[in-house]
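Here's a quick briefing for anyone opening this one up for the first time. Have a look at the sequence and the fold, then read on.

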Amino acid sequence: MLIDVHAHFFPERSPRSDWRAYNASRLRAGERIGITLHVTSTLGTFGFTSPTYFPSPDDVVYGNDFTIALQREHAARIRGYACVNPNYQDHARAEIARGRSAGLIGVKLAASRRADDPLLDAICDTARHHGLPILQHIWQGRRRDWPGQEASDGAELCRLAARHPQVSFILAHVAGGGDWRHTLAVVPAHANVYLDLSGSGVDSGMLEACLAAAGTERLLWGSDITMDTGWAKLRYLKHILSPADFELVAWKNAARIFPPGSFPSD
Amino acid sequence: MRIDVNAFLGGYPFAKVPGTSPKDVLAAMDRAAIDEAWVTHLPGLFWRDPPAGNAWLYDTCREFPRLHPVAAVHPGLANWSDVLREAVARDAPAIRCDPCYCALAPSGPEMVALATAAGAAGRPLLLAVRLEDTRQRHPNDVTPELPAAAVRALIRSGPAVRLVVTHADRGFIEEVHFGSTPDEARRIWWDISWIWGPPEEHLATLLRTIGPERFVFGTGQPLRLPEAAVAKLDLLDVSPEQRAAIESKNAAAARGGQR
């Protein structure tokens, strides 16, 4: 059993004319890697009619509809997050409820609002009400604003997590750019923050440092947009972890924080 | 047979990196089923006189025959042609100079002279586009990345010049390859360490558009896990012959067939 907690599939209304090939490639590579379930989020139209990290309400609905349809079409392979833009509070909360009733199993917050902003509190309350974890896009060690997103770093997410101890937060792509050491300095004290190991980075020593900071029970395997580096980290984890600990990272930790019944082996 | 053309020995100045000793790198090679590696003395890249690390590198490679020395040459130092001659005498598969780390103009007269002399000596010049993701570099590590224009200029500097370029991504490779004549492009080899696999399929695309003969297996270890390069290959649908070319035969062609 292997759960990829950070996957993306592209919808037709996106800037990618190769969206079908891209999606097929993910499923094909997943078969080869042995991924049982891809947990995906659709960030609106990924920039086609509103910015990827600031999706309009209409695009949020379009993206979540696509995720729901994917989950239905590939019931044995795909699960989904409801992606929301917290600047539209009522809409965001309604989308979480709609997504949950349609079978989505988590909430995705991209970078529409800083993670420690009070506007996110209502989103967290709604996620808690539905028993959903929140996957938060993170820039590791943000030292300035980056164009196209209101990115947050680990410290900012941990401030939010401290306000919502009953919600599980997935700190996205610790290997996805920025200084992961900055993130690892803040996560040890926050038991409801889980590290998603996805990202293109394969730095030596990074996985050992993640283990030291969060322990095996707070690591989640994922790939994001580079499945080769995800597979590499998985292979290395198999080398450094006991079989029981490897299973925690590969799927058992995920099974614990997503709603019961989300995965076949629950 | 699997040859890693992009490996290092020794510490990195900007971060604590485990597994940098020769024995550790050999253990990582065993883990990833890598038979041989072309190795660079990593700390020396940051020294004023990078070739000062070569003596240790030669001794180490003599002790561990699976490792082959990629000698550092600094063409801004007066004795650089002696350093090149020694590298050839020591059977180095390639020599390297990372001009941005030496504060040299990447395609300036010193680099052109080095590329030309290395070509005349039958050795490829190896250059890295980067060593780390720009987004995570140490705040004081402000060395520019190698520009694609420099690679185009260097390959045009002489018909015997051969280049092995590591840590390049798809856009960089395409810009240089299709910005070169077929003869020029045939004298450049690209390591796969920084090229994305699925679902973006950058490596599969490049193998289709440029051809497998231009690519060599490289990892960037010990800064990076060597498993990543192996995983890229395992996710490709290529023939055993094409895979063997990437894993070892193209590296032999890059070094000019000399052993």
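Two residues are in contact if their C-beta atoms, placed from the backbone, lie within 7 Å. This is a predicted model, where local features need pLDDT of at least 70, side-chain atom pairs count only at pLDDT 80 or more, and totals for chains, interfaces and linings use all residues. Residues are numbered from 1 along each chain as its sequence is written, while chains are lettered from A and ligands numbered from 1 in the order in which they are written.

**The sheet**
- Chain A has an open sheet of eight parallel-paired strands, ordered β1-β2-β3-β4-β5-β6-β7-β8 (strands are DSSP E runs of at least two residues, helices H or I runs of at least four, numbered from the N terminus; two strands pair if DSSP finds at least two bridges between them).
- At the edges sit β1 (3-7) and β8 (219-220) of chain A, each pairing on one side only.
- Strands β3 (residues 78-84) and β4 (residues 106-109) of chain A run parallel and are joined by four bridges, with V84(A) opposite L109(A) in β4(A).

**A spot in β7**
- V193(A) belongs to strand β7 (residues 193-196) of chain A.
- V193(A) counts as buried because it has 24 C-beta neighbours inside 10 Å (buried takes 20 or more, exposed 12 or fewer, partly exposed in between, with C-beta atoms placed from the backbone).
- Beyond its neighbours within four places in sequence, V193(A) touches residues including L157(A), F169(A) and V187(A).
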